[in-house]
Amino acid sequence: MKDLISIQDFSKDEVLKILDTARRMESFSEPVLKGKIMATLFFEPSTRTRLSFESAMLRLGGQVLGFSTPSATSFSKGESLSDAARMIEKYCDIMVVRNPVDGSVKEIADASSVPVINAGDGSNEHPTQSLTDLYSMMKSHGRIDGLSIAMVGDLKYGRTVHSLAKALSYFKCKVYFVSPKELMLPAEYAAGLDYEHVTEISKVIGKVDILYMTRMQKERFGSENYEALRDSFVVTKELIKEAKPDMKIFHPLPRINEIDKEIDNTRHAYYFEEAANGVPVRKALLGHILGVF
Ligand code: CP
């Protein structure tokens, strides 16, 4: 029973175990979490993360409670995260929390005696998206070691990129960070990686196995000019003409305009399958943390 705040709270062996269990979870629906309750505390909008966690818990026989906006809770009256955590831990066996403030999910975990999973804290990390991304790489390419991966877009504020970069430090990959200079990856997230910074997708499109697109995180921008940056990278059929035949395009979603819809029906599109992979991965994760796998 442990928290998952940063992807590196798990060792490489634990990550590999979850990926292996996720494979088994694709067709597994035994009620191994019957009697367990998961609380989803979402202070920010979500479609995939919250619903795939809830689906995973329900498919394993557990139950869910929670909120998807803090405006209907006593947080709107000024209650602190740590006070609330001390109550909510009595109502559930595990919490899944998304909050717009970096470090806030750790604050809840520190005040709670039940395990807490970070479903995204500000621009810091989103570790369960990374487990889904790694699992998607295993499914699409059969391996993680040896892959060339370009991460594209808002690498400064994009928490999925931060967690994925940390996760890839467990493997032997070549990573290209493709961003405008205003939105470069903070160096701390690239520790242990073999990487290069580049400014154009066209420079690397013929080399990569995975093109990991992200949206501009408009809601987290400081002095950056969204209108000037929003169209920095758009994947089109013309752009991917030089891609390897088995190159796959990933995106944590939601997409705004980074991937032209004409890509959706090509062999390169993998983003909707990636989102679907979130269910078996989160089944494996819940079972792992709650001690049944
Ligand atoms: N990938 C992801 O975090 O999507 P949601 O914001 O819809 O949960």
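This is a predicted model: local features need pLDDT of at least 70, side-chain atom pairs count only at pLDDT 80 or more; totals for chains, interfaces and linings use all residues.

**Glu 14 and its contacts**

I started with Glu 14 and skipped its neighbours within four places in sequence; that leaves contacts with Lys 2, Asp 9 and His 288. I then checked which element Glu 14 belongs to, and it is helix H1, residues 12-25. I also looked up Leu 285: it is 271 residues from Glu 14 along the chain, yet the two C-alpha atoms are 9.9 Å apart.

**Around the ligand**

Next I asked which residues surround the ligand. My list has Ser 46, Thr 47, Arg 48 and Thr 49, then Arg 98, His 126 and Gln 129, and finally Pro 252 and Leu 253. Sorted by class, that shell comes out as five polar, two charged and two nonpolar residues.

Then I went through polar side-chain atoms facing the ligand's oxygen atoms. For Thr 49, a side-chain N or O atom is 2.7 Å from a ligand oxygen. For Arg 98, the distance from a polar side-chain atom to an oxygen of the ligand is 2.9 Å. His 126 also gives 2.9 Å, again between a side-chain N or O atom and a ligand oxygen.

How much of the ligand's accessible area does the protein cover? On its own the ligand has 250 Å², and the protein covers 91% of that.

Last, I looked at the pockets: the ligand takes up the space of the largest pocket.

Key:
Residues are numbered from 1 along each chain as its sequence is written. Side-chain values use heavy atoms; hydrogens and water are left out. A residue is near a molecule or strand if one of its heavy atoms lies within 4 Å of it. A polar contact is a pair of N or O atoms within 3.5 Å; within protein, one must be able to donate a hydrogen and the other to accept it, and residues adjacent in sequence count only if both atoms are side-chain atoms. Accessible areas come from the Shrake-Rupley method with a 1.4 Å probe; for residues, only the protein chains shown count as cover. On a 1 Å grid over the protein atoms alone, a cavity is a set of points where a 1.4 Å probe fits but cannot get out, and a pocket is an open set with protein on both sides within 12 Å along at least five of seven lines; lining residues have an atom within 4 Å of a point. A molecule sits in a cavity or pocket if more than half of its atoms lie within 2 Å of its grid points. Ala, Val, Leu, Ile, Met, Phe, Trp, Tyr, Cys and Pro count as nonpolar, Asp, Glu, Lys and Arg as charged, and the others, Gly among them, as polar. Helices (H or I, at least four residues) and strands (E, at least two) are DSSP runs, numbered from the N terminus. Contact means heavy atoms within 4.5 Å.
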